[in-house]
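The description follows the sequence and structure shown here.

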Amino acid sequence: MAYVDGFVIPVAPENRAAFVEHAEKVDAFFLAEGALRIVECWSDDVPRGQHTDFFRAVAAQEEEAVAFSWIEWPDKATRDAAFAKLMENQALMAIPMPFDGKRMIFGGFVPVVTLEA
């Protein structure tokens, strides 16, 4: 059964290029380990809400943008194996993150509805 990892990340606008570079390196690893598709998005039309919003979810500072990303996997076992290998890969783990990883939110999800054109 398919599996999806989702991420919301606060990133300073001046770190956008570094974010893309970081994503390309780490995403290449995940693709090599069985990920089917990875999408990295930069906030464009993201409203600030009165009660909740993407910015509050990651305690974004006023000037920070929000990145929204997901990884599609064929199944949870493939995802779990890839993340285990990532944690052992010293070269990838040494790549500096151009964002505050403590404020990133992430989680794994089982798709319940999938519609395609």
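## Aromatic cluster

In this predicted model, Phe30 is buried, since its relative accessible area is 4%. Phe30 and Phe83 form a tilted aromatic pair, with 4.9 Å from centre to centre and 45 degrees between the planes. Because Phe30 belongs to helix H1 and Phe83 to helix H3, this pair ties together parts that are 53 residues apart in sequence. Phe83 has a relative accessible area of 24% and is therefore partly exposed, as the limit for a buried residue is under 20%.

Phe29 is buried as well, with a relative accessible area of 12%. A pair of aromatic rings is described by the distance of the centres and the angle of the planes. The structure holds 8 aromatic pairs. In one of them, the ring centres of Phe29 and Phe30 are 5.8 Å apart and the planes stand at 65 degrees, so this pair is edge-to-face; the angle is over 60 degrees, the cut-off for that class. Phe29, Phe30, Trp73 and Phe83 form one aromatic cluster.

## The sheet

The model contains an open sheet of 4 strands, arranged in the order S2-S3-S1-S4 with antiparallel pairing. Its edge strands are S2 and strand S4 (105-109), each of which pairs on one side only. On average, and with direction ignored, neighbouring strands of this sheet are turned by 10 degrees against each other.

Strand S1 (residues 3-11) and strand S3 (residues 65-73) run antiparallel and are joined by 9 bridges. Within strand S3, Ser69 is the residue that stands opposite Phe7. In general terms, strands of a sheet pair through backbone hydrogen bonds, either parallel or antiparallel.

## Helices on the sheet

Helix H1 (residues 16-32) packs on the sheet and touches S1, S2 and S3. The direction of helix H1 makes about 170 degrees with that of S2.

Helix H3 (residues 76-88) lies across S1, S3 and S4.

## The loop around Asp53

Asp53 is found in the loop that connects strand S2 (37-42) with helix H2 (54-57). Is this residue buried or exposed? Asp53 is buried, because its relative accessible area is 14%, and the limit for that class is under 20%.

The side chain of Asp53 reaches the backbone nitrogen of Phe55 at a distance of 3.0 Å. When neighbours within four places in sequence are left aside, Asp53 is in contact with Pro47 and Arg48. Arg48 in turn lies over the face of Phe55, at 3.8 Å from the ring centre.

## A positive phi at Ala59

Which residue other than glycine has a positive phi near 50 degrees? That residue is Ala59. Most residues other than glycine have a negative phi, and most peptide bonds are trans.

Ala59 is located in the loop between H2 and S3. With a relative accessible area of 48%, Ala59 is partly exposed.

Note on methods:
Residues are numbered from 1 along each chain as its sequence is written. This is a predicted model: local features need pLDDT of at least 70, side-chain atom pairs count only at pLDDT 80 or more; totals for chains, interfaces and linings use all residues. Side-chain values use heavy atoms; hydrogens and water are left out. Helices (H or I, at least four residues) and strands (E, at least two) are DSSP runs, numbered from the N terminus. Buried means under 20% relative accessible area, exposed over 50%, partly exposed in between (1.4 Å probe, protein chains only). A polar contact is a pair of N or O atoms within 3.5 Å; within protein, one must be able to donate a hydrogen and the other to accept it, and residues adjacent in sequence count only if both atoms are side-chain atoms. Contact means heavy atoms within 4.5 Å. Two strands pair if DSSP finds at least two bridges between them. Axes are lines fitted to C-alpha atoms, for helices over the stretch in contact, and angles run from 0 to 180 degrees between N-to-C directions. Rings of Phe, Tyr and Trp (its six-membered ring) pair if their centres lie within 6.5 Å; planes under 30 degrees apart count as stacked, over 60 as edge-to-face and the rest as tilted. A charge sits over a ring if NZ of Lys or CZ of Arg is within 6 Å of the ring centre and within 35 degrees of the ring normal.
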